[in-house]
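Please keep the structure in view while going through the numbered points.

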Amino acid sequence: MSGRGYSVLLSSLHRASDSALPLPTLQGLIVHYLAQLSPSPTPLAATIVASPLFRPFSLTKLDALKTAFRHAVHAKFQLLKGTPGGLFVPSLKVQLHTWLSAILRGLEGGHAITRLACSSGLLLGIEDVLHKLPSNQRDVESSVHNEIVLAFADVVDLFTSSDSWGKEFRPETEGGEDALTISLITSAQPLLLVPPDKFVALPLPQTLALLVHTISKAFTSGTFLASFASSLVYHSEFKIHAEAGCRRHDHGSPIFQDVDALLASHAMANMGSLSRLCSRTISLFVEHRPKLALPHVQETFLCFESIARNVELGWLSSNLAEATDESIAPETRPLTQSIWTILKTLLFTTIMVTEAGLSGLVYVPPSLGHMAPSLALAVLRSLSHLAFVIQKFGGAGHGAFKELKRAFYLTLDILAVHTAESQHFVQQLCEGWWSNTHDLSHPVQQAKKAFALSAIEQLVSGLSISTIKTFVLPFCSPHLGDVGHREIYEAAHSVILAVFSRGGQKPDEMASSTPPSDTQHEQERSFIASMVPFYVQCLVENSAEGRLNVVQLRLAFAALVKSTFSCGDHALAWFCIDSLLTACETSSFATDGERIHRLRLALVASVSSVPLMLLPQALLAVNDIMEDADMDDMKRSELLEALFHEVMNNIGDTEKAFAVCWWNEQRVKWPHLLVADVGPGTRTTEVRGVDQRSGELSKL
């Protein structure tokens, strides 16, 4: 094909970067002639890959090149699709494959980074149109996979070459852009599309090292907050005040310059793609070459731990932890918002990369399992340093977002398998808090303690009774009544309930590599039984307004009663019920009605946990409550709903027959207790609902 447009394109490609054509126009010409050129686009592809126009490298130029080749695939596909078919006309797949092979031949001998950009565009374009091909003609991308793997391997070699001769030929870039970073960004998305069997042909140790280096550099190794304290200036009204100045002339505070530079970097803008590529590299590395991979994975985890540690130190020195919106000067708020954007990005990156390594670790051969605890501990330390960020997303426990929850629980599951290491971790955690006078009024320390309690909760099932007595209980006890730090308060109760749940486990169900003997298990049950009176009283005290809410109180009492029954002590199980009844009887309904109602709901929730021999007595107590003349109809209706739910859904098979018979005997008179003072509306509807659903039980 000839023409003035093609001549202009070739002329521009042979010039340096001062081409008369703007980059978008040049990009359009490349797309058009790559798709239209006949008989072969090979010469044009060779001219493009060797063109000085794309030197020195920049992300803008590489993106333009990648986009041009991507759109060329679309243009060629549409052209081939519109060509009339015939008996002797090759299939669409064959024609597209021939065209791709011709372009790939033209890329041979080009600079690795340019080849990487071109082949990345081709692969993305193929993925775009692949679903439009007939189902039996979709294997056209294999040759492009091979090319992108070879090009990326050459790029890796450029930046890992140890000889001085190789370093002399490092690629030049525009405006101080980092050649490694823009190369990784260019290939991050396409490399995710390469099949695993071809991806692992890459030099994975070097690939992982370069990715981790780039991510660490993007976050300045976690030191981006180091200049915050020195950038603050006194203001009579605001605690946090940093002068922005005229940033165009670098007259602003250093922290503004540091944060702006970090956010403006190419790596930070593309951190999602870099994190996914790093995650995939670790995952496939561990899966295919675990013996070689694990030391490199450990280095990666330690690098993220170092970044997180530096970030925590910077946050503590910045005074931002104790700042409120009102204490931050208006001109400083954009800065603090930018800092939080960076912190969130760091958290998500850490979770994505570490979770990939831990997921692969689950399947490594047992002979390599000795590295698992150290890897899990490195991840826990990293997350602990970032606890003040995690707290803003609901904490690390049950309220965490899905990805964090998966990484957190996976880490603890791996650690729990190794009993000695998990015991040592819990002991060190508790001793670390006791040996240092941490100020729990500081938000960072509050977040870290809540994180520590959430971790201990998941490890309790594998700890020895000695560790629980000596470390866990003293660590939790001060917070069981302290609602000043809500997250710590709830986490401490969760740990205690986790201890009680051990009583219901059989020796072979415990999360320990060496299950306890029958004697040890009996000692454990005896210890748990000895805790019951203390914790029953604790729960009664925490039934007051502003402490444990209704749902928490009901779950706690039900779990406590169940654990006492599992310990084989029926008297202790009734002690829990009796303590609730006593607390209700000794309180005045006039002054403490809401608290009494919460305790009664807790009693109803415990019905499904009592054994059959105690069930008649427990249900008799419930019936007495239903007939309490001081209780209003709304509360009685709520108790009936709760009781129906327990009988219908939670009570065991052994006890259900008795409970259903009892319910059918009582349900006839309960609705009559609700007739008085109940007018039309929601309350009447609720009562009828209970009566109607009672019929479901009568059919059982």
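**Notes on a predicted model**

1. Helix 28 passes helix 30 in a right-handed crossing. The residues that make the contact are Phe589, Gly593, Glu594, His597, Arg600, Leu601, Val604 and Ala605 on the side of helix 28, and Lys635, Glu638, Leu639, Ala642, Leu643 and Glu646 on the side of helix 30. Sorted by class, this contact comprises 7 nonpolar, 2 polar and 5 charged residues.

2. The geometry of this pair deserves attention. Two packed helices are described by the angle between their axes and by the distance between those axes. For helix 28 and helix 30 (residues 633–650), the angle is about 10 degrees and the axes are 9 Å apart. Angles under 35 degrees count as roughly parallel, and helix 28 and helix 30 are therefore described as roughly parallel to each other.

3. Ser587 is found in the loop between helix 27 (570–585) and helix 28 (589–606). Is Ser587 buried or exposed? Its relative accessibility is 18%, and because buried means under 20%, Ser587 counts as buried. The side chain of Ser587 reaches the backbone oxygen of Ala583 at 2.8 Å. Leaving aside residues up to four places away in sequence, Ser587 touches Asp592, Arg595 and Ile596.

4. Ile282, Phe285, Val286, Glu287 and His288 of helix 15 meet Pro290, Leu292, Ala293, His296, Val297 and Thr300 of helix 16. By class, the contact between helix 15 and helix 16 has 7 nonpolar, 3 polar and 1 charged residues.

5. Lys61 belongs to helix 4 (residues 59–81). The relative accessible area of Lys61 is 9%, and since the cut-off for buried is under 20%, Lys61 is classed as buried. Lys61 and Leu23 are 38 residues apart in sequence, and their C-alpha atoms are 8.0 Å apart in space.

6. Finally, the protein chain as a whole may be considered. How many helices and strands does the chain contain? The secondary structure comes to 33 helices and 0 strands. Of the 700 residues in the chain, 53% are buried. Among contacts with a separation of 6 or more, 76% are between residues 24 or more positions apart.

Terms used: Residues numbered from 1 in each chain as written. Predicted model: local features only at pLDDT ≥ 70, side-chain atom pairs only at ≥ 80, totals over all residues. Heavy atoms only, no water. Helix = DSSP H or I, 4+ residues; strand = E, 2+ residues; numbered from the N terminus. Buried < 20%, exposed > 50% of the residue type's maximum accessible area, 1.4 Å probe, protein only. Polar contact = N/O pair within 3.5 Å; in protein donor to acceptor, adjacent residues only side chain to side chain. Contact = heavy atoms within 4.5 Å. Axes fitted to C-alpha atoms, helices over the stretch in contact; angles between N-to-C directions. Parallel < 35°, antiparallel > 145°, perpendicular 65-115°, else oblique. Left-handed = near helix turned anticlockwise from the far one by under 90°. Nonpolar A, V, L, I, M, F, W, Y, C, P; charged D, E, K, R; others polar.
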